[in-house]
Amino acid sequence: MKSEERRELRYQRRKAKREAAKAKRNAEHDFQKVSSFGSLRKSFYVARKGTNWKASVQRYGCNVLRNSYNQSRLLKQHKNISKGFIEFDLNERGKTRHISSVHISERVVQKSTCMYGISPVISASLINENGASQKGKGTEFASQILIKHLRSHYRKSGFTNSGWVIVGDEHDFFGSQLHSVVNKNMRRLVTDQELVDQTMEFINAFDRGLGLGSEVCQINAVAYPNQIDHYIKEVLRCKYYGRYMDDWYIIVDTKEEAKRYLEDIASKYAEIGIQMNPKKTQIIKLSHGFTFLQDRFFLTDTGKVVRKPSHKKISRDRRKLKKMANLLERGEISFEQITSFYVSFCGYMKWKTARKTKWCMDKLFNSLFIENFIGGTNNEALIT
């Protein structure tokens, strides 16, 4: 048997295995399971995490059995369960984001749709290097993948830090996503028509793009450029590629190669309605260092990967501590809230090579709170 025939047979066997696994996932996660009483009741206990202090959540929880039964009945009758949005603006890192949050009754249904419907099916189609909004992954996972890629590139390039990195970012990632493309992606992955229709009902509630504050929109946004991810990995053969929502990178050998890949990828994104952000999309020499997910990464001559917090984040957190000191003095926040924020910051700094930065932040924290509000300069009370 010729090698071409063997490859074709191997390809057909693997394809059949993938199709069988896809059929099994779709059989286990369908509309009937999403709309069942038990799934909706369990989804409430997951959806309420972090928001159980709200009166609306508590009211829903007091009658969780009745509410779950009513929601199940409405879903099976294909009735509209939407009650509109709770809209507000959120300022994040100097950028205003418009949030359209759904009511607790709809959030429970969306949680059930994701947990018992689309998430297990969609997640199976994503590349491993896609680290956003998936169980067991996150920003730290994406950063560790990048560090692994940098070390592997260092060995491959003859133990040198030569090479280039494309750092990509999309303009208005959520707002630019087309409902027609989302619908096409859903129908390609999910075989249950009722589940697709229910998901698209949540998405079509937004006039344009995908909304922030909807879990169904979140998982669909993660999968929106999924075919581009596979194109980069399987057609362009870019081994050192990773993406976290709208932030991505590719490590290559030459600048000419980087320019060619960037032009090709930009055209692919344009086909699905998304434009690159010209200010944040850059081609950078590896030895100069680059920023990804608010961290600065450097590949040294010895192959060591140095990871530091970005200057903007440190400046922003220092301003926030000073603002908290004024709020504490006026009695508008408690000291426990401040320590909670600073403990979170210390956990973030744990993985960074930034001893002096951490020392300066500890010094600022002690001068603002320990010495001024607790009194004295007792070394046992200082943050070290």
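In this predicted model, helix 1 makes the greatest contribution to the lining of the second largest pocket, supplying eight residues. That lining comprises 17 residues in total, and those lying nearest the centre of the pocket are Arg18, Glu19, Ser125, Arg188 and His230. The elements that each give two or more residues to the lining are helix 1 (3-28), helix 8 (179-189) and helix 11 (226-235). By residue class, the lining of the second largest pocket divides into seven charged, five polar and five nonpolar residues, and the space within this pocket amounts to about 620 Å³.

The largest nonpolar core contains 62 residues, within which Ile118, Trp248, Ile250 and Ile265 have the most contacts. Helix 6, spanning residues 104-123, gives the most to this core, with eight residues.

Helix 6 is also the place of Thr113, a residue with a relative accessible area of 0%. Because this value falls under the 20% limit below which a residue is taken as buried, Thr113 is assigned to the buried class. When residues up to four places away in sequence are not counted, Thr113 touches Val34, Ile118, Leu195, Thr199, Phe202 and Val216. One of these partners, Ile118, is also listed among the residues with the most contacts inside the largest nonpolar core.

Technical notes
Residues numbered from 1 in each chain as written. Predicted model: local features only at pLDDT ≥ 70, side-chain atom pairs only at ≥ 80, totals over all residues. Heavy atoms only, no water. Core = buried A, V, L, I, M, F, W, Y, C linked by side-chain atoms within 4.5 Å. Buried < 20%, exposed > 50% of the residue type's maximum accessible area, 1.4 Å probe, protein only. Helix = DSSP H or I, 4+ residues; strand = E, 2+ residues; numbered from the N terminus. Contact = heavy atoms within 4.5 Å. 1 Å grid on protein atoms, 1.4 Å probe; cavity = no way out; pocket = protein on both sides within 12 Å on 5 of 7 lines; lining within 4 Å. Points joined across faces, edges and corners; volume = space filled by probe spheres on them. Nonpolar A, V, L, I, M, F, W, Y, C, P; charged D, E, K, R; others polar.
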